[in-house]
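Subject: Structure for your review

Dear colleague,

Please find the structure below, followed by a summary of what was found in it. I would be grateful if you read the two side by side.

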Amino acid sequence: MIPSDKFLTVVPLLLLAFSFCAATDWEQAAELRKNDDWAAAEKLVKKYSSPANFEQLPPAEKADFLRGLLELAHLRALKEDVSGALRLLNWAESSKDDYLRAVSCVKYAEILLDLDEIERAQGYLKNADELIASRATEKETGSAIGQGGAQADTGGAWRELRAEAEALKAEIEAETLKKKFGSTYASSYSNY
């Protein structure tokens, strides 16, 4: 039994540890990509190379599948497989679902930023912002985890997506400052 005075310290640490263990394959692939282990990353997301059965997936699995597909597109773009990356990205952008389309725009912006195409990345973030603005609400429902009801918070995923977009905007700003004033200025700016 955890003493009550240690409970508030131990539980968040356990939740944090569990979240690392429960990372999806596309999240693991993204970490591998960031660490320049593209081969291992591609192995994790290769199963997303064909969206043929996407419409048959349960709604809860569609966002994860899309993110896996987009991570594969990111890897292909970095490996200069332009046609392979564009095929996946064009499919992802054609989604009729606003959330999935917004996810695609944010990821496309991230890819373009990695390819040093800052202006195009800004355009995709602008598209994402338009989709996110109508859905991401600031208010919380007040419901505890596990409580159902008519007031369920459906804006959480949208707020998380907005946070991803804002992080990319900060990266773009840092890149812009680096080009304008040098790398030292931009690196100190991006630490805030």
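Residues 24 or more positions apart account for 54% of the contacts in the protein with a separation of 6 or more, where contact means heavy atoms within 4.5 Å.

Two remarks on conventions come first. This is a predicted model, in which local features need pLDDT of at least 70 and side-chain atom pairs count only at pLDDT 80 or more, while totals for chains, interfaces and linings use all residues. Residues are numbered from 1 along each chain as its sequence is written, and side-chain values use heavy atoms, with hydrogens and water left out.

Overall architecture

The protein has nine helices and zero strands; helices (H or I, at least four residues) and strands (E, at least two) are DSSP runs, numbered from the N terminus. Along the sequence the pattern is therefore α-α-α-α-α-α-α-α-α. Of the 192 residues, 34% count as buried, that is, under 20% relative accessible area, with exposed meaning over 50% and partly exposed in between (1.4 Å probe, protein chains only). The protein exposes about 12200 Å², of which carbon and sulfur atoms supply 55%; these areas come from the Shrake-Rupley method with a 1.4 Å probe, and for residues only the protein chains shown count as cover.

The nonpolar core

In soluble globular proteins, nonpolar side chains tend to be buried together. A nonpolar core is here a set of buried Ala, Val, Leu, Ile, Met, Phe, Trp, Tyr and Cys residues joined through side-chain atoms within 4.5 Å. The largest one holds 42 residues, and V45, L69, L70, Y99, I132 and L161 touch the most other members. Two or more residues come from each of α2 (25-34), α3 (38-45), α4 (59-78), α5 (82-93), α6 (98-114), α7 (118-133) and α8 (156-181). Helix α6 gives the most, with eleven residues. Leaving aside residues up to four places away in sequence, V45 touches D25, W26, A29, G68, E71, L72 and L75.

Aromatic pairs

The structure holds five aromatic pairs; rings of Phe, Tyr and Trp (its six-membered ring) pair if their centres lie within 6.5 Å, and planes under 30 degrees apart count as stacked, over 60 as edge-to-face and the rest as tilted. The rings of Y48 and F65 have centres 5.1 Å apart and planes at 80°, so this pair is edge-to-face. It joins distant parts of the chain, with Y48 in the loop between α3 and α4 and F65 in helix α4, 17 residues apart. Y48 counts as buried because its relative accessibility is 8%, and F65 counts as buried at 13%. Y99 and W158 also form an edge-to-face pair, 5.2 Å centre to centre with 75° between the planes. This pair links helix α6, which holds Y99, to helix α8, which holds W158, across 59 residues. Both Y99 and W158 are buried. Ring pairs also link Y48, F54, F65 and W91 into a cluster.

The 26 residues of α8 should span 38 Å at 1.5 Å a residue, and its end C-alpha atoms are 37 Å apart, which agrees; the expected span is 1.5 Å times one less than the number of residues. Buried positions in α8 are W158, R159, L161, A165, L168, I172, A174 and L177. Just after α8, G182 takes a positive phi of about 105°. A133 belongs to helix α7 and counts as exposed because its relative accessibility is 60%. The C-alpha atoms of A133 and W158 are separated by 8.8 Å, although these residues are 25 apart along the chain.

Yours sincerely
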